[in-house]
Each structure stands twice: as C-alpha cells, then as structure tokens.
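Me: I am new to this structure and would like to go through it step by step. Could you show it first?

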Amino acid sequence: MSVDTIDGVQVHLNDEGFFTDPTEWREEMVPALARREGIEDLTDRHWMVIRFMRAQYEAKGTGPSVRELGKTSGVAIKELYQLFPKGPAKLAAKIAGIPKPRGCI
Amino acid sequence: MRRIVILGAGTGGTLVANRLRRAFSRREASIICVDQDDWHVYQPGLLFVPFGLAVPGEIVRPRARQLASGVEFRLGDVDRVDVANRVVHLADGYELPYDVLVVASGSRLAFEDTEGLTGPGWGERVFTFYTLDSAAELGAALATFAGGRFVVNVVEMPIKCPVAPLEFCFLADWFFHERGIRDEVDLTFVTPLDAAFTTPVAAHHLGGMLEERGIHLVTEFNTGEVDGVGGRLISYDEREIGFDLGVVVPAHSGASFVTRSPGLGDGLGFVLTDPHTLQSQASPHVFALGDAAALPISKAGSVTHFEGEVLVENVRRFLAGEALDASYDGHANCFIETGFSKAMLIDFNYDVEPLTGHYPGPVGLPLLKETHLNHLGKLMFQWLYWHSLLPGRDIPGIRSEMPRAGKHLAERPKEEVTR
C-alpha cells in the first residue's frame with residue numbers, strides 16, 4: 001500500500017493502484033486518475049462508464065465485470081475497450097476509486 | 001404445512017432436498033424439486049472424457065433417483081419467479097407457490113456471448129469439455145491430432161471449477177507424452193486473468209507447473225471472437241492467437257429465468273445472496289447456493305456442499321422464526337489433477353487463500369503439492385459424491401467450516417470480504 005497525492009489530496013492506493021478506502025475518492029479526482037492510466041481526453045462516454053461503476057459499487061459492494069458492464073451499462077464491450085484499452089473493468093474501477101472487481105475467483 | 005420449492009436437481013438442489021427431507025416430517029413440509037431434464041452429470045468427470053479416462057455413460061445418472069422418497073421431482077422449464085407473491089411460474093403455465101424457495105439452478109454456458117464460437121469450425125477445430133457432447137467429440141479429435149498449435153482458452157471469469165482448464169492443460173501434456181507426440185505439440189493456456197490463477201500463492205505454484213511442462217501462458221487476453229475456420233482467437237483489443245485445435249471454456253451466466261425475475265439476480269443472472277447466511281437479497285423467503293449464487297468464491301461442488309449445510313439450517317431457522325446462522329465462511333476445496341497419476345489439493349475460504357500444509361489437519365492430504373495420494377483422493381471422490389454427498393450424509397472429518405490446523409497460515413492473508 002502507498003500514500004499518493006491526487007489533485008492535491010492524499011489517498012491510499014494498493015500495489016496495483018486501486019483505492020484501499022473508496023471513501024477517499026472525489027469525482028474531481030477523475031481527470032487526474034484517468035491521466036495516470038494514459039487517458040487524456042475524457043468523453044461523456046468515459047464519464048458514463050465511470051459513474052455507472054461507482055453507482056454499482058455503492059449499491060452492491062463490488063464493481064461489475066467487463067461482460068456485465070457490456071450487458072448493463074449501455075456501452076457495448078467493443079466500445080468499452082476503445083474507451084479503456086487493455087482492461088475496461090480494471091481501468092474504470094481504478095478511475096472510479098473502487099476496489100478491483102472481484103467475482104473472478 | 002409449509003411448501004418448499006427447489007429449483008434445480010444438480011449437486012446443490014439434490015443435497016439440500018435430501019437434507020431438508022430429514023429435517024422436516026412430511027406433515028410439516030412438502031418438498032418439490034424442479035429441473036429441466038432428468039440427467040444428473042457428475043461434472044468433475046467431464047475433464048476426463050476427452051482423454052478416454054471416463055466414458056459419458058459412467059458419469060450420468062437419473063436426477064430423480066438421487067432424491068429421497070418424499071421429495072417430489074417435477075420436469076419443467078422455469079419461466080420466472082414472482083418474488084413479491086412467492087410463486088414460481090413454469091413455462092407450461094403451472095404455478096408453484098412457496099414458503100421457502102431454494103435457487104440451485106447452477107450456471108449456463110453463454111456460447112452466444114462470444115462471436116463465432118459455435119459457428120463454422122465448431123466440433124471440427126473448436127471444442128469445449130464443459131458439455132458432455134463436446135467433451136466426447138473432443139476425445140475423438142485428440143486421439144487423431146497429429147501435432148501443431150493446441151490452445152486452451154478461458155473466455156471470462158467466473159467459470160465452474162476455475163482450476164479445470166489448468167487440469168486440462170496438465171492432462172493434455174501427459175496425453176501427448178503417452179501418444180509420443182508431445183514434441184510436436186505447441187501447448188498454450190490463454191486466460192483473461194493476470195496470472196495462471198486468481199490467488200497469488202496458488203498462481204505462483206500453478207504458473208511454475210505450466211513452465212516445468214513447457215506450456216506457454218498468455219495472460220490478460222479477453223476473447224471477443226473465435227474464428228474456427230482460420231483457427232484464431234481474437235481479443236477485444238484486437239490481439240490474435242492462432243491454433244490448429246482449440247479448446248474454449250465459454251463465459252458463464254446464471255439460469256435464464258433469474259434474468260426474467262426482477263430483483264433476483266445481477267447483470268449476468270446470478271442470484272444476489274448474503275455470503276454468510278445464503279439468504280437472497282431479494283426476499284427473506286428465498287435462498288440460493290452453488291453456481292447459481294453471486295458470491296465471491298469458486299463455483300465448485302465442494303462450495304455447494306459446504307453451503308448446503310448452512311442453508312438447510314437457515315431454512316429451518318427461518319421457518320421457526322429464529323435468527324439466521326451467518327456461519328458460511330466461503331470454504332472451498334478442489335483436487336487438481338496434474339497428469340501422470342498425480343494430483344494436488346487446495347483448500348481456502350473468503351479470507352484465507354489456498355496455502356501449503358495439510359488437510360483437514362496436520363496429518364492429512366498434502367496441500368498445494370503433487371502426490372499420488374491426492375490422485376487417489378480425486379478418484380475416490382466420485383464414489384463419495386453419489387453415496388454420501390448427494391444423499392446429504394456427513395463425511396467424517398470434512399466440515400463446512402474451513403480448518404486452519406495443518407496450514408501454513410503465515411504465507412499471505414487474503415483481503416477481508418466485506419458484506
């Protein structure tokens with residue numbers, strides 16, 4: 001675990017870069033968090049996915065998997081990969097300040 | 001009289017029905033079990049079919065015959081559950097009102113979620129060992145495979161028995177050795193995970209075992225399309241892996257009726273369930289176990305078995321108006337067949353990942369270690385499955401709660417599961 005400064009605020013991240021305490025996250029941190037993951041231009045579609053991830057986490061205690069995201073977020077899987085290259089569920093979870101989506105055991 | 005309805009007569013539905021039948025007299029409760037067919041498959045046996053180590057007829061028995069007398073078995077498709085009015089609607093229009101509903105409908109292979117998977121080339125160059133038919137067809141293809149690129153791919157987690165694809169790789173390595181063509185085969189395991197397995201200690205051991213056997217590992221590959229004619233796996237981020245023979249484990253979903261029953265399941269059709277009491281989040285009258293439940297633990301028969309004990313006690317408590325027992329700890333164990341008549345055992349729960357040591361105590365089967373003894377354990381388990389586990393008898397020394405004695409707990413704790 002490490003302490004990091006995002007947008008001038010101290011937050012706790014684990015080795016992989018996920019928030020260890022999701023309550024430290026603020027929506028204002030999103031552009032800075034996205035830049036750390038190589039996403040410079042945040043579009044409305046990015047925001048839609050990030051807000052959806054956050055809402056799902058708050059309702060259910062865990063973020064959705066890629067396939068679940070594709071079925072329920074309103075953004076198809078192919079587009080999710082364009083928005084968040086390599087791993088949409090992991091990347092969007094990091095930016096949304098929630099733990100790594102589990103259920104993958 | 002209370003009405004208990006169980007959806008599914010597989011591992012979970014059967015063992016819960018039989019245990020509930022002993023917990024309630026016939027005057028106290030009626031128990032009805034619904035399934036869409038009468039074929040109970042011993043699913044751990046599917047792994048052995050393609051290698052000629054099991055024949056399909058050996059691992060299938062009638063569902064109805066596994067149920068105790070006093071449990072009614074009904075064949076039918078479930079249309080939906082009306083959670084608010086406590087009624088199950090079958091597709092033929094029949095209605096089953098309940099006081100307690102147990103959802104044990106397992107998971108469904110979502111072939112349709114991967115483009116091209118069952119298109120041209122399916123059954124010729126592309127197979128799965130997760131269905132009896134395809135496992136048998138794969139057997140014929142393996143017996144005549146002349147060598148080339150052989151790929152084993154997991155499309156997405158969660159899947160039933162997350163170690164099975166690795167076991168399949170180990171057995172394929174052994175099988176091609178036996179056929180004398182191992183040097184002709186380029187064997188690759190392709191996974192969406194970032195390592196050979198989900199948890200660090202086991203992933204380290206299992207990754208090492210792939211390497212020792214010369215099996216290539218490709219990680220973080222999310223298959224979006226399978227080209228069965230050209231022999232290609234294509235990922236969503238447009239990477240490609242070529243193959244001459246491909247074995248694909250499709251993505252899994254919950255039973256379709258869960259999606260048609262508002263509030264019951266998550267986006268993939270798995271039932272939203274309390275991880276410790278196994279009561280559904282949709283209604284106190286509904287419980288779920290096994291592959292059907294959306295829980296952060298492996299979809300495996302051992303999990304279903306351990307959950308069953310807690311679930312039956314909670315159905316009893318619920319009907320008696322008592323507080324539920326929140327004791328299910330996520331206990332799971334799996335034999336991992338590693339080829340050459342050896343196997344490995346892993347044992348874990350929500351909080352403790354698979355570690356080395358012995359199970360169920362300091363004197364017992366070795367954990368995370370390949371031995372002939374574990375292989376014999378795996379073979380013996382098939383007998384226990386039909387004769388102890390399904391009838392709902394306790395297996396001596398094997399308890400629902402995960403044992404800690406005998407384990408090297410200092411290795412590394414898993415993150416606490418939050419409720």
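Me: What distance separates the centres of domain 1 and domain 2 of chain B?
Reply: The centres, taken over C-alpha atoms, are 30 Å apart. This is a predicted model, in which local features need pLDDT of at least 70 and side-chain atom pairs count only at pLDDT 80 or more, while totals for chains, interfaces and linings use all residues. Residues are numbered from 1 along each chain as its sequence is written, and chains are lettered from A and ligands numbered from 1 in the order in which they are written.

Me: Which residues belong to each domain of chain B?
Reply: Domain 1 of chain B covers 2-109 + 253-319, and domain 2 covers 111-251. Such bounds come from an automatic or database domain assignment.

Me: How many residues of the two domains of chain B are in contact?
Reply: 15 residues of domain 1 of chain B touch 21 residues of domain 2 of chain B; a contact requires C-beta atoms, placed from the backbone, within 7 Å. On the domain 1 side there are 9 nonpolar, 4 polar and 2 charged residues. Here Ala, Val, Leu, Ile, Met, Phe, Trp, Tyr, Cys and Pro count as nonpolar, Asp, Glu, Lys and Arg as charged, and the others, Gly among them, as polar.

Me: And what about the contact between chain B and chain A?
Reply: Chain B contributes 20 residues and chain A 18 residues. The chain B side divides into 9 nonpolar, 6 polar and 5 charged.

Me: Changing topic, in what order do the strands of the open sheet in chain B run?
Reply: The order of its 5 strands is β5-β2-β1-β9-β21, with parallel pairing. Helices (H or I, at least four residues) and strands (E, at least two) are DSSP runs, numbered from the N terminus, and two strands pair if DSSP finds at least two bridges between them.

Me: Why is one side of β5 and β21 of chain B left without a neighbour?
Reply: β5 (71-75) and β21 (286-288) of chain B stand at the edges and have a single partner strand each, so one side of each has no neighbour in the sheet.

Me: Which helix packs on that sheet?
Reply: Helix α1 (residues 11-23) of chain B does, touching β1, β2, β5 and β9 (100-103) of chain B. Its direction makes about 170 degrees with that of β2(B); axes are lines fitted to C-alpha atoms, for helices over the stretch in contact, and angles run from 0 to 180 degrees between N-to-C directions.

Me: What does B:Val5 stand opposite?
Reply: B:Val5 faces B:Ile32 in β2(B).
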